[in-house]
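Please read them with the structure open.

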Amino acid sequence: MPLAAEPAAVPSSSASAAYAGKLVPSSLLLSRGVDRLEVMLKLTTAILALGAGVYTYLGVRELLNGSPTTVFFAALIYSVAVSVGIYAFWVFLMQFMPHVVDRTGRALMFGCMIFGSLMIVAMSSWLNASALAGAAAIRQHLSITVQDYTRDLDAANTNAIAAQGLLPDIQIAASRFAKLADAERAGSLTGTSGSGTVVQLLTQMSAQLDSLGKEVEASGKRVAVLFEEGGKHLAKMRELVSDRGPISERSDGFATESLALMGVIANLQQTSVAPAVKRAATSLSSSFIAPSAGGRSVDLAERQTAVVGKVETAIAAQAASLASAADKILDMRRIEPARFQAMSPAEAVLRYAGDFIPSWAGAISIDLMPAVLVLILCVVHAAIRREGLPAASASAMTAAEMMAALKMAREVEQASRAVQLTAEPDRSTPVEPAAEPVVATDENVTALSSARHNK
């Protein structure tokens with residue numbers, strides 16, 4: 001007798017489960033992962049859109065004017081519209097972009113994503129950056145303005161005190177004329193002692209130069225007072241920059257101090273005594289009238305006339321020197337301090353964008369982060385298509401999938417029966433009986449029925 005086949009060894013349940021796990025293709029795992037993460041993707045997109053909306057509200061609130069209620073509702077409506085727009089845009093891309101496989105459609109989808117991203121940056125990201133770094137940008141603006149005003153104050157003070165450099169020359173000239181007058185009283189210039197025409201002329205020139213020197217000295221004191229006042233305004237402005245109060249209030253106080261400082265700078269430029277020195281030097285030489293010699297003798301009169309001529313030459317040289325020095329001071333560039341321009345946080349962030357690159361990066365990232373999720377979905381769906389999604393086995397199907405499969409099988413069976421019924425012939429049409437087959441006989445062959453009968 002033939003030996004019965006031995007039954008195959010039945011694998012254990014753990015071994016079969018491990019073997020089945022090894023047989024699960026990666027495309028099926030990726031598909032299941034996409035299904036499990038669908039809710040997570042939408043929730044993440046919603047949270048990111050909500051965050052962008054909150055920062056958009058904070059940024060747009062600084063740009064609106066009106067009553068507090070109007071500003072609140074206007075900013076709220078705008079931020080809600082931005083949040084809904086961002087969420088809808090990225091959800092649309094997540095649903096459609098991974099399934100567009102042709103090259104033209106994929107290029108158009110990428111173009112839509114880039115165009116939408118630019119729109120999101122235009123309507124939300126710069127407001128997010130304003131909310132993140134608006135106060136810091138205004139502080140930057142105030143700090144730069146303080147530096148500019150400090151430079152202008154120093155330049156105006158330099159121009160104003162430049163005339164103080166003429167004071168030693170004026171004092172030396174006045175002292176020289178006074179000494180010449182004293183020497184002439186002893187007869188050193190004309191050879192005759194006394195207080196005549198030459199002494200009076202020298203004393204007059206000395207007095208004029210001495211008066212001019214006192215005016216220059218008094219101007220220096222006024223310049224020092226104004227410079228000290230300007231320094232106090234700058235100190236207050238620096239205090240407002242480094243303070244931690246509301247930035248709008250500090251900006252208003254800064255504007256007040258800057259206006260006062262501009263007045264100080266203007267006064268410093270008006271206090272310069274260089275124009276007065278120039279006028280005095282011009283009058284010394286142009287309006288000089290040589291007095292007539294008053295000597296009692298002809299010889300003394302001639303000597304006095306000769307000395308007066310020398311004095312006139314010395315006065316002209318001194319006047320030319322003072323006028324040249326005054327011209328150099330007057331040729332200095334006039335300081336025109338820039339008027340302080342208050343800015344909103346959004347304007348400050350745009351002007352000083354290069355100083356707040358991290359804030360801009362964060363503001364743009366919170367809006368465009370879903371783009372990374374869209375690209376990940378595109379890569380995953382492309383991998384699923386390359387490998388092909390296999391038919392699910394019964395052991396890997398869920399109850400819902402099993403019920404859907406059974407329903408589909410019943411529908412296929414019903415469709416197959418309907419096709420068979422349509423293809424069957426009509427029973428009412430008579431059918432002719434088929435002819436009996438002709439059996440070829442052979443003389444050496446006896447039919448089975450005849451053989452039985454003969455027996």
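Predicted model: local features only at pLDDT ≥ 70, side-chain atom pairs only at ≥ 80, totals over all residues.

1. In total, 15 residues line the largest pocket. Those nearest its centre are V34, E38, M94, H99 and H381. The volume of this pocket comes to about 280 Å³.

2. Which helices supply at least two residues each to the lining of the largest pocket? They are α2 (26–61), α3 (68–96) and α11 (357–387). Of the contributors, α2 gives the most, with six residues.

3. Two of these helices, α2 and α3, also pack against each other. Their axes come within 8 Å, and the crossing angle is roughly 150 degrees. Angles over 145 degrees count as roughly antiparallel, and α2 and α3 are therefore roughly antiparallel to each other. The hand of the α2 and α3 crossing is right-handed. The contact of α2 with α3 involves 18 nonpolar residues, six polar ones and three charged ones.

4. Helix α4 (residues 103–161) and α11 have axes that come within 5 Å and cross at roughly 155 degrees. This angle makes α4 roughly antiparallel to α11. In the contact of α4 with α11, 17 residues are nonpolar, five are polar and three are charged.

5. E38 deserves a separate entry. This residue is among those nearest the centre of the largest pocket, and its side chain meets that of K42 in a salt bridge, with an N to O distance of 3.9 Å. The cut-off for a salt bridge is 4 Å. Side chains of opposite charge can pair when their charged atoms come close.

6. Where do E38 and K42 lie? Both are in helix α2, four residues apart, which is about one turn of the helix. Helix α2 thus holds this pair, and α2 also gives the most residues to the lining of the largest pocket.

7. How many salt bridges does a search of the whole structure find? The search finds four.

Notes. Residues numbered from 1 in each chain as written. Heavy atoms only, no water. 1 Å grid on protein atoms, 1.4 Å probe; cavity = no way out; pocket = protein on both sides within 12 Å on 5 of 7 lines; lining within 4 Å. Points joined across faces, edges and corners; volume = space filled by probe spheres on them. Axes fitted to C-alpha atoms, helices over the stretch in contact; angles between N-to-C directions. Parallel < 35°, antiparallel > 145°, perpendicular 65-115°, else oblique. Left-handed = near helix turned anticlockwise from the far one by under 90°. Nonpolar A, V, L, I, M, F, W, Y, C, P; charged D, E, K, R; others polar.
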